[in-house]
Amino acid sequence: MDMDEYQPKKADDILAALTRQDLDPFSVAELDARIETLQLEIARTLKRRDYAVNHKASAEALFKK
């Protein structure tokens, strides 16, 4: 897969804005809070992806019978 697939498609995309944000003004505590929030979002995204993969596999298994 091409890494460009994961890049935001629109200029106003929240992920694009997040990756362009200057981190220099943040304190250590603010950076830690940001990291925690991003880790929670990654976990949520992975859970949704896993659900989608399992759902697709279940559907494929159902229709193969």
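Biologist: Why is Asp50 called partly exposed?

Modeller: Its relative accessible area is 36%. Buried means under 20%, exposed means over 50%, and partly exposed is in between (1.4 Å probe, protein chains only). Asp50, at 36%, falls in between, so partly exposed is the label. Keep in mind that this is a predicted model: local features need pLDDT of at least 70, side-chain atom pairs count only at pLDDT 80 or more, and totals for chains, interfaces and linings use all residues. Residues are numbered from 1 along each chain as its sequence is written, and side-chain values use heavy atoms, leaving out hydrogens and water.

Biologist: What makes Asp50 and Arg49 a salt bridge?

Modeller: Their closest N and O atoms are 3.2 Å apart. The rule wants a side-chain nitrogen of Lys or Arg within 4 Å of a carboxyl oxygen of Asp or Glu, so this pair passes. Arg49 is also partly exposed, at 46%.

Biologist: How many salt bridges turn up in the whole structure?

Modeller: Two. Arg44 and Glu41 also make one, with the closest N and O atoms 2.8 Å apart. Both sit in helix H2 (residues 28-64), three residues apart, or about one turn of the helix.

Biologist: Why does Arg44 count as exposed, while Glu41 counts as partly exposed?

Modeller: Arg44 comes out at 56%, which is over the exposed cut-off. Glu41 has 36%, so it lands in the in-between class.

Biologist: How do you know what is a helix and what is a strand?

Modeller: They are DSSP runs, numbered from the N terminus: helices are H or I with at least four residues, strands are E with at least two. By that rule the protein has two helices and zero strands.

Biologist: What makes Ile14, Leu15, Leu18 and Leu38 a nonpolar patch?

Modeller: Patch residues need over 30% relative accessible area and no salt bridge; nonpolar side chains (Val, Leu, Ile, Met, Phe, Trp, Tyr) are joined within 5 Å, like charges within 9 Å. Leu38, for one, has 33%, so it clears the area cut-off. Leu38 lies in helix H2, while helix H1 (residues 14-20) gives the largest share, three residues. Together the four have about 360 Å² of accessible area, worked out by the Shrake-Rupley method with a 1.4 Å probe, where for residues only the protein chains shown count as cover.

Biologist: What is Leu23 in contact with, leaving aside its neighbours within four places in sequence?

Modeller: Leu31 and Arg34, where contact means heavy atoms within 4.5 Å. Leu23 is in the loop between H1 and H2.
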